[in-house]
Amino acid sequence: MKALIAILTLSGTAALTAAETSQPVAILGETVHTLNGPAIKDGLILVRESRVAYAGPAAGRTIPADHRMLRAKVVTPGLIDARATAGLSGILNQAQDQDMLDRSAPLQPELRAIDAYNARDPLVTWLRSFGVTTLNTGHAPGALVSGQTMIVRTAGHSVEDDVINPAAMITVSLGGNAVSRAEGPSGGAAKSPGTRAKAVAMLRAELIKAQEYARKREAKDETKRPARDLRLETLARGLDGSQRFLITAHRQQDILAALRLAREFNLRIVLDGCADAPLVLEEIKAAGFPVILHPTMARASEDTENLAMDTAARLAAAGIPFALQSGYESYVPKTRVVLFEAAVAAARGLGFERALAAVTLDAARILGIDGRTGSLTEGKDADLALFDGDPFEYTTHVTATVVAGRVFTDGPR
Amino acid sequence: MPQRLTAVLTAALLSVGTHVSAQDKPLAFTGARIIPIAGQPVENGVLVVQGGRILAVGPAASTALPAGAEVRDARGKVIMPGLVDSHSHIGGASGADGASPVQPEVRVLDAIDVRHASIQKAQAGGITTVNVMPGSGHLISGQTLYLKLRDGRVIDDLLVRLPDGTIAGGLKMANGTNSIRSPGGPFPGSRAKSAALVREQFVKAQEYKARRDRAGNDAEKLPARDLALEMLVEVLEGRRIVQHHTHRHDDILTVLRLQKEFGFKVVLHHVSEAAKVAAEIAAAGVPSSVIMIDSPGGKLEARDFALENCAALERAGAEVGLHTDDGVTDSRLFLRSAALAVRAGMTREGALRAVTIANARMLGMETRVGTLEPGKDADFILLSGDPLSVYTEVEQTWVDGVKVFDLSDPTDRLYARGGPGAGESRRSPLCCFGSAWDIIMAANGGN
């Protein structure tokens, strides 16, 4: 037992040495993209108590002697990956580290991301080394309702220390591998719907049950209230808007089905994937829901065969709020990196400013965390990415990532 | 069918065959920054092609334009050799089936769709020569095919012929976890068994070759034809290069050990852990075709994948190529792999060689492709800017002096960017494109 404690202590120490905790930090950036306004030449960011204490021109400011000094060519807010499965879909891709999808039933909204997230999976560190400070991660597409996502920092200590919102969204998939057409074991969960229409019918039936459940839970007479039901409880939170539905839909008919569901049940939804978005831009725009767009470099096949590298630019032109994501990968590469996805989107019509916003402030707004991160603003969490050149150039390096004031130098990458 | 229409159809077919032939008149691109790979980049350079070959390349000041040349202004553009991808799975190709882990007789040749969208997308990425491989689920999964990405109607239009008339290609082999399956069947259950099975095959092939050599021209004494052993004999005689999937450092060393035992030519593919054994790879004089992926893992043997593999091999003095492994990475972004190699420490020159001449050598095609030099195939790409910048786009791709991709063409652009229809095969010229259809309509009195 003593030996075990010693080992635990050692590993704890090792984790802490990668990042320095409480020391104040001063960062001088030749170009600082605060996302609050135009880029600042020769900017300074002061970090104290894990928050941004100052972000502005360096001219005329003195840097206190107790601050650790960092310099970078370019500084941006820490990157936000608006839809990931990192921490649940482990690096090895073996049965024992794949916790992003339980195939025992098609509807399991009660599956929480916090009960599965491995803060120390090497892929979490990998993402952080490319400037990613915040993830909306959790259960993958592939079941009608696969579970939930949470919003977490990439500090890599423990889910308790790193979590920002433990129950961010309820993950729904329409079409794709959530529909199981083959006999016997397939990609989908057991008892998966066999067609698109059946999938929507199953979901509607479950939502009606949850409406009923929520109504009965309000009964004045306590004895008439139904027993707690984790599944319906979660869906009821989705119905009252306290937890949003993240609906993965790629084909245009699936996107329209998602919008139809939202209208019927007055849901707050976020559209995920949306390979066919350019075919139904007007409908998406009119519905007013944001889109977390598929990775720019995602593979085009089956439901995603229409995806395009310039869809982000089209969403931007249509005025639809959107963010970018690493998504879920079942094989190599086991995770994508939003820095790279934003880079290719920037170069395929989106442009630098909008691409940067799609992985910082715009993503924070969609995730509802713009009060604390997404821009370099006094009082917000000190989440930053430091680069030795244009962040999107393939040959630029991330020289440091700052997560809530802790400086990580996993690279340079 | 009326005879007149049949005749016109035949004429249309012939014209489809000939409209893709190279120009007879010299074609010159002027004013571009030219990266010939052979030698230093040239500012304000000139590239002249004719009859499918490169006629001249060099600085404007010292490169004469031939009389009658058609001149195209390429100021502001960058011209470099067409990219060579040493490992891809475009064309919807498949190789061996589940019957056995060793199937050298199976040919990718018999399984490629030349109109497949993935081939159009590879052209959009500037790829002009490609090694199309069967998968890695076998120790020996079949014969690979070296293709020139011409706009062909049938596979024959894309083939590369060796001087003796045979079709150019390699032999795909693999070790590590992909070919290991649960016990009971013909597939190996361990790494040592994998190596033993392969050695057994090559020993058989050595004996087969000895019997053939002894028989000489005596037909009576020749052993019965054996498609699998014939193929391995080609490998033993150095007429066919082994293209070998291998990731982990110990698996890499196993390939080098077998290479030494049987003396075949081999290229190491993927080499996720190359950085751990870069000195050994360099000492063996064996080239590596490296994959650049966005994160490690996804399978056990790629857990320790490092972006620094190219740099480590380059520093050790080994030959380094890069590949797409399409669909693992996207052919349209092949230059990105070179840029990521630079990000992780490789030299710029090395990275550009890795997507051109180094790969050409790994396919034994270095005398024809991979650099811009007079006499070589007129395979080149026009870029909007620096090849390693994310903001650069491939604007044109030329194979044998014929333009096969143009970003300003709406159909080509669809394949380049994606969108509805980008997953569909290239349509037949007789089906839907204007020219041939117009001929047929005209033959029918315009109706």
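Student: Which residue stands opposite A:Leu44 in E4(A)?

Tutor: A:Gly56 is the residue of E4(A) that stands opposite A:Leu44. Bear in mind that this is a predicted model.

Student: How many bridges join E3(A) to strand E4 of chain A, and which way do they run?

Tutor: E3(A) and strand E4, residues 51-57 of chain A, are joined by six bridges and run antiparallel.

Student: What does A:Glu49 do in the hairpin of E3(A) and E4(A)?

Tutor: A:Glu49 takes a positive phi near 50° there. The hairpin has two residues between its strands.

Student: And how many bridges join strand E2 to strand E3 of chain A?

Tutor: Seven bridges link strand E2 (residues 25-32) with strand E3 (residues 40-48) of chain A, and the two run antiparallel. As one bridge pair, A:Val32 has A:Ile40 of E3(A) as its partner.

Student: Is A:Cys274 buried or exposed?

Tutor: A:Cys274 counts as buried because it has 29 C-beta neighbours inside 10 Å, and the cut-off for buried is 20 or more.

Student: What about B:Val271, what is its phi and where is it found?

Tutor: B:Val271 also has a positive phi without being glycine, with a value near 40°. B:Val271 is found in the loop between strand E12 (266-270) and helix H6 (278-284) of chain B.

Student: Now cis peptides. Which residues does the cis bond at A:Pro333 join?

Tutor: The cis peptide bond joins A:Val332 and A:Pro333, with omega about -5°. A:Pro333 sits in the loop between strand E13 (322-324) and H9 of chain A.

Student: And in chain B, what does B:Asp326 join through a cis bond?

Tutor: B:Asp326 is joined to B:Gly327 by a cis peptide bond, and omega is about 0°. B:Gly327 belongs to the loop between strand E14 (320-323) and helix H8 (334-343) of chain B.

Student: E14 again. In what order do the strands of that open sheet in chain B come?

Tutor: The order is E8-E10-E11-E12-E13-E14, six strands of chain B with mixed pairing. Strand E8 (140-143) and E14 stand at the edges with a single partner strand each, so one side of each has no neighbour in the sheet. From one strand to the next, the twist averages 25°.

Student: In which sense do E10 and E11 of chain B pair?

Tutor: Strand E10 (residues 171-174) and strand E11 (residues 242-246) of chain B pair in the parallel sense, over four bridges. Across that pairing, B:Met173 stands opposite B:His244 of E11(B).

Student: Last topic, the contact between the chains. How many residues does each one put in?

Tutor: Chain A gives 35 residues to the contact and chain B gives 29 residues. On the side of chain A that touches chain B, helix H2 (122-129) and helix H9 (338-350) each supply at least two residues. The largest share of that side, five residues, comes from H9(A).

Student: How do the residues on chain A's side divide into nonpolar, polar and charged?

Tutor: The side of chain A that touches chain B has 21 nonpolar, six polar and eight charged residues.

Methods: Residues are numbered from 1 along each chain as its sequence is written. Chains are lettered from A and ligands numbered from 1 in the order in which they are written. This is a predicted model: local features need pLDDT of at least 70, side-chain atom pairs count only at pLDDT 80 or more; totals for chains, interfaces and linings use all residues. Two residues are in contact if their C-beta atoms, placed from the backbone, lie within 7 Å. Ala, Val, Leu, Ile, Met, Phe, Trp, Tyr, Cys and Pro count as nonpolar, Asp, Glu, Lys and Arg as charged, and the others, Gly among them, as polar. Two strands pair if DSSP finds at least two bridges between them. A residue is buried if 20 or more other C-beta atoms lie within 10 Å of its own, exposed if 12 or fewer, and partly exposed in between; C-beta atoms are placed from the backbone. Axes are lines fitted to C-alpha atoms, for helices over the stretch in contact, and angles run from 0 to 180 degrees between N-to-C directions.
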